[in-house]
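Please read them with the structure open.

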Amino acid sequence: MVEENKKVDNSASEAEFDWDAFTNDEGFAGEKRTELEAMYDKTLSTVAEKEVIDGTVISLNKREVVINIGYKSDGIISLNEFRYNQELKVGDSVEVYVESQEDKKGQLVLSHKKARALRSWDRVNSALENDEIIKGFIKCRTKGGMIVDVFGIEAFLPGSQIDVKPIRDYDVYVGKTMEFKVVKINHEFKNVVVSHKALIEAELEQQKKEIIAKLEKGQVLEGTVKNITSYGVFIDLGGVDGLIHITDLSWGRVTHPSEIVELDQKLNVVILDFDDDKKRIALGLKQLTPHPWDALDAELKVGDTVKGKVVVMADYGAFVEIATGVEGLIHVSEMSWSQHLRSAQDFMKVGDEVEAQILTLDREERKMSLGIKQLKADPWAEIDTKYAVNSKHTAKVRNFTNFGVFVEIEEGVDGLIHISDLSWTKKVKHPAEFTQVGAEIEVKVLEIDKENRRLSLGHKQLEENPWDVFETIFTTDSIHEGTIVEVFEKGAVIALPYGVEGFATPRHLVKEDGAQAKVEEKLQFKVIEFSKAAKRIILSHSRTFEDVKKAEETAAKKEAAKSTKKGVKKVKDSLEKTTLGDISELAALKSQLEGGKDAE
């Protein structure tokens, strides 16, 4: 019922309204209308195009900012032009550039960016002259720093001017609005350099003076890890930097400081020392904890067995950490019963877990020596039974000398084979001619030197002495075929049957035709001297034909002498016979003569 009455009333009102009077200008016609328009125009500011004026923010959203400049319409500016000012709010006064009083839609066209650009150089110069703090929007990264929007100008922010501490991630600053100081302007190239670091340096300098004034040795301060190097860690103590050397980070061994600390970590440090100007401050971290040697088991003593980890290697030994900050040295001589001079790297490497026996322990000096060979039986303790004289074994060649070969039968049991005990037959000038390092060789124990831990060994003694046989074969004046294997100034070496060698002087190397014998020639040689004790056979090729010739000459002389003797005898016999005959004939003749005389 009520609704019906309302409808009737509304209809009556519409019927009574004078639409004709509303649509014509009789209500505001003539002088009255002109007067009203004049009054309205007085309420509006005079706006000229292409000039910079101040406006007021009356509203803003995520995309646009509405600016009132006192004109008959408000202007709308994109929020992007205010991105340098993240704190923009309603009521703020901003400068705008009037591009047009009306566009096609009758809208006032404003620009904040152009307004800032027109006044930017004046403001930048003023900020530099007056040491003024200004705001800027960091737009992006660039080589060596950042690009900052300052009053619409792209200014350069060097990386070193962002903060007092080193910046590791520049990207976190992109899109931020920060306060800056103008530090340099190049008018020729229109370059502007700004700094954020300059704003906080003054404050830090004051803090630094206060901290330095209060510095004392032994003082504990909180700091932040500013930089990590291979030799230590730089700590920011609040504008003052100090250094923790790598050796002062931990009681244990530290390969690199990053094992102990990380960047931007906050920690307590103790002041160890500083110079007179307090510009170099030495800090310590390990000094805030008790020394590990003080916590070492009081029951630990010499002779005990401990386990540890190899932390440092040197040629002379290895440092083993048996507890954090507690190390012992295993000298290379305590790593093996062997007497060979070897490097510690031959036995172990960094990171190895080892078991060792405590040899010395000095708690006051905080020193400990360890040994690992002591955990094994000393092979020389039973040397007389295990390696008795005349026993045979296999050894490994360790190294050479001019006089022999050093071998190892087992770890810690060394011996020497003298060069004269290598071969019965071959003249060995150097052991390298007979064997090589690392090779295995059969040996026989000749003598034991327990005091000096040395064995006298032989190799040739494994076989019977062939010179006993050679004595019956290479008898003096016997002739054998031999090959010349080496020729030198004093003679030549001749290889004879059964692997034995002989020697001939140059005089005995002359051949029958007068030429000198050469290397690799096979010739007949006569033994002119044999010495079993010296193992020496002296040979001669020349004597093989000289003696024959001499024998022939001797035989010829003997035959000639024999023939002469026979001839002399015959003549003598003949002379004797002739004389007796003559005497008989003479006697007969004498008788005849005497008989004839008597007849007369």
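1. Is Phe474 buried or exposed? Start with the caveat: this is a predicted model. Phe474 is buried, because its relative accessible area is 0% and the cut-off for buried is under 20%.

2. Phe474 has an aromatic partner. The search of the whole structure finds five aromatic pairs. One of them is Phe474 with Tyr498, an edge-to-face pair with 6.4 Å centre to centre and 80 degrees between the planes. The two residues come from distant parts of the chain, 24 residues apart. Phe474 sits in the loop between helix 7 (467–473) and strand 26, and Tyr498 in the loop between strand 27 (491–495) and strand 28 (501–504). Tyr498 is exposed, at a relative accessible area of 59%.

3. Now look at Phe488 and Phe503. Why does this pair count as stacked? The ring centres are 6.0 Å apart and the planes meet at 25 degrees, so the pair is stacked; the cut-off is under 30 degrees. Phe488 is in strand 26 and Phe503 in strand 28, so the pair ties together parts 15 residues apart in sequence. Phe488 is partly exposed at 35% relative accessibility. Phe503 is partly exposed too, at 26%.

4. Glu486 meets Lys429 at 3.4 Å, N to O. Glu486 lies in strand 26 (residues 479–488) and Lys429 in the loop between strand 23 (413–418) and strand 24 (440–449), so parts 57 residues apart in sequence are tied together. Glu486 is partly exposed at 33%, while Lys429 is exposed at 57%.

5. How many salt bridges does the whole structure hold? The search finds 17. Among them is Lys135 with Glu87, with the closest N and O atoms 3.2 Å apart. Lys135 is in strand 6 (residues 133–142) and Glu87 in the loop between strand 3 (75–78) and strand 4 (93–100), 48 residues apart. Lys135 is partly exposed at 34%; Glu87 is exposed at 55%. Lys89 pairs with Asp92 at 3.3 Å, and Asp92 is buried at 18%.

6. Two arginines deserve a check. The charged end of Arg123 sits over the ring of Phe151, 5.5 Å from its centre. Arg253 does likewise over Phe319, at 5.2 Å.

7. Five strands close it in the order 11-12-13-15-14, with mixed pairing. The twist averages 55 degrees from one strand to the next. Strand 11 (residues 220–228) and strand 14 (residues 266–274) run antiparallel and are joined by five bridges. Gly223 has Leu267 in strand 14 as its bridge partner.

Note on methods:
Residues are numbered from 1 along each chain as its sequence is written. This is a predicted model: local features need pLDDT of at least 70, side-chain atom pairs count only at pLDDT 80 or more; totals for chains, interfaces and linings use all residues. Side-chain values use heavy atoms; hydrogens and water are left out. Two strands pair if DSSP finds at least two bridges between them. Helices (H or I, at least four residues) and strands (E, at least two) are DSSP runs, numbered from the N terminus. Axes are lines fitted to C-alpha atoms, for helices over the stretch in contact, and angles run from 0 to 180 degrees between N-to-C directions. A salt bridge is a side-chain nitrogen of Lys or Arg within 4 Å of a carboxyl oxygen of Asp or Glu. Buried means under 20% relative accessible area, exposed over 50%, partly exposed in between (1.4 Å probe, protein chains only). Rings of Phe, Tyr and Trp (its six-membered ring) pair if their centres lie within 6.5 Å; planes under 30 degrees apart count as stacked, over 60 as edge-to-face and the rest as tilted. A charge sits over a ring if NZ of Lys or CZ of Arg is within 6 Å of the ring centre and within 35 degrees of the ring normal.
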